[in-house]
Amino acid sequence: MTVVIGVVVHAGRRAVFEEAARTLRGARPEWVVYRHEHEIHDLVRVLLAGKQVDGLLMGPVPFDECHDLIPDTLPVTLVRPGPLDLALALSRAQREGLAVDTVSVDTFDTDVVNEVTGALGLTRAQVRTQPYQPGERTADIAEKHLRAAGRDGLVITARMEVSQRLRGAVAVIDSLPVPSTVRSDLHALALRVQSQRANEFRFAAGVFLVADRPQSTDMDRARIGLMNLLVNTPELADAWVENRGRRGLVVFAHKALFERVTHNWVTVPALGQAERALGLRVAAGFGIGGSARTCIALAERAAARAEAERQPSGYLIEDSGVIIGPMGHEGRPVEFTYRDHDTHIEELAKQVGLSPATLSRLAGIERGLAGAAISPRDLANALGITDPSGRRLIRKLGERGLVAVQGSAQTHHKGRPTRLYQLGIDQALRRFSAPGSP
């Protein structure tokens, strides 16, 4: 299935973006072209309402104009002007015979301006910088340029409306993005979407067992009732349901479908429906693996674990070793996500000052990240807690050396880049397992 990337770009820069998109394979751009910044919000709203878009590529200005429309789950990449873009703008100015004794630059980060001007032998006194400020009016930016550069200076701007406003008043060079930079961002976004989609469509299996088997229970009738309930569950419309022995059923689907059915592995409403409508206690097990055989085997193990609970519940077991459960039949009662570290997790939890449930879920999240860094906000989302609680949790983990700062990234919101952290819980648990550990 082709990935659709919405590309929000000013009409004066569309040619550069089209050149960058020519080598795109397995993805196609859906163009949103504006001439004035006030048009962006309505144009993006129309795009999102009328098209199935898998990701968005845009600059900081378009993002600030329409960020309230963008779903949190939609991947977004911001194209930001870099050192090469500024170096080429200065080179073009010199080629056109423009003086660079006094230069005023907007939108570029201060460190980028310092890096380029330093390499070209320009002093700080020659170059004035206006870093990007969300919500700043075009007229105010133009006025700052005139004060900084004067009538005889040079303005380098990455904003087309600023350029249009200053034409005739001062020498202006438009800083155009380099096709290779846009191409890199575009390909990275497409790969990100494709990877996310591949993960969502991993093969998975679910096993539903009638857990209570008193003498009076007609197992065939109970199984048929359970099958009718699952087949008529709207979320399972695209799944394949078949018998799994006299007292159970197996459901085949992709991972994303089961995530919807279980509200991201939190609860299994079908279990509550079976208890109310059929008078049955049902245990659900889910398995995710590299083959159908592996998925079913894991799902059967998970169902056996759920069956041992005293109430309708479900478990998930992945081939990575992660276990999630118990999932209840209503509300949000998920209690833990853990691997094979029961005793060690309890010991480490005492030292950190967290519950074993929270620490074990963090261990599962770390395994899923596979060494990648995570922001406090994403960690909070994964745990189902608020953003402030996520930041407090990061601080607590940092006090015990269980997270390490791994750089920063620009999020989809206004403000400074957010810090990224690498979890170190698995390493701490291995220390507990080592011979001679306390």
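The model is predicted: local features need pLDDT of at least 70, side-chain atom pairs count only at pLDDT 80 or more, and totals for chains, interfaces and linings use all residues. Residues are numbered from 1 along each chain as its sequence is written, and side-chain values use heavy atoms, without hydrogens and water.

**Exercise 1.** Find which residues touch the most other members of the largest nonpolar core.

Solution. 
- Start with the term: a nonpolar core is a set of buried Ala, Val, Leu, Ile, Met, Phe, Trp, Tyr and Cys residues joined through side-chain atoms within 4.5 Å. Buried means under 20% relative accessible area, with a 1.4 Å probe and protein chains only.
- The largest core has 31 residues; Phe208, Leu226, Leu230, Val251, Trp265 and Phe286 touch the most other members.
- H9 gives the largest share, five residues. Helices are DSSP runs of H or I, at least four residues, numbered from the N terminus.
- Beyond four places in sequence, Leu230 contacts Phe208, Leu236, Leu249, Val251 and Ala270. Contact means heavy atoms within 4.5 Å.

**Exercise 2.** Classify how the axes of H15 and H16 cross.

Solution. 
- H15 spans 376–383 and H16 spans 387–399.
- Their axes come within 8 Å and cross at roughly 110 degrees. Axes are lines fitted to C-alpha atoms over the stretch in contact, and angles run from 0 to 180 degrees between N-to-C directions.
- Roughly perpendicular covers 65 to 115 degrees. H15 and H16 are therefore roughly perpendicular.

**Exercise 3.** Count the disulfides in the whole structure.

Solution. 
- Apply the cut-off: a pair of cysteine sulfur atoms within 2.5 Å.
- The search finds zero.
- Cys66 has 0% relative accessibility, so Cys66 counts as buried.

Key:
Buried < 20%, exposed > 50% of the residue type's maximum accessible area, 1.4 Å probe, protein only. Helix = DSSP H or I, 4+ residues; strand = E, 2+ residues; numbered from the N terminus. Parallel < 35°, antiparallel > 145°, perpendicular 65-115°, else oblique.
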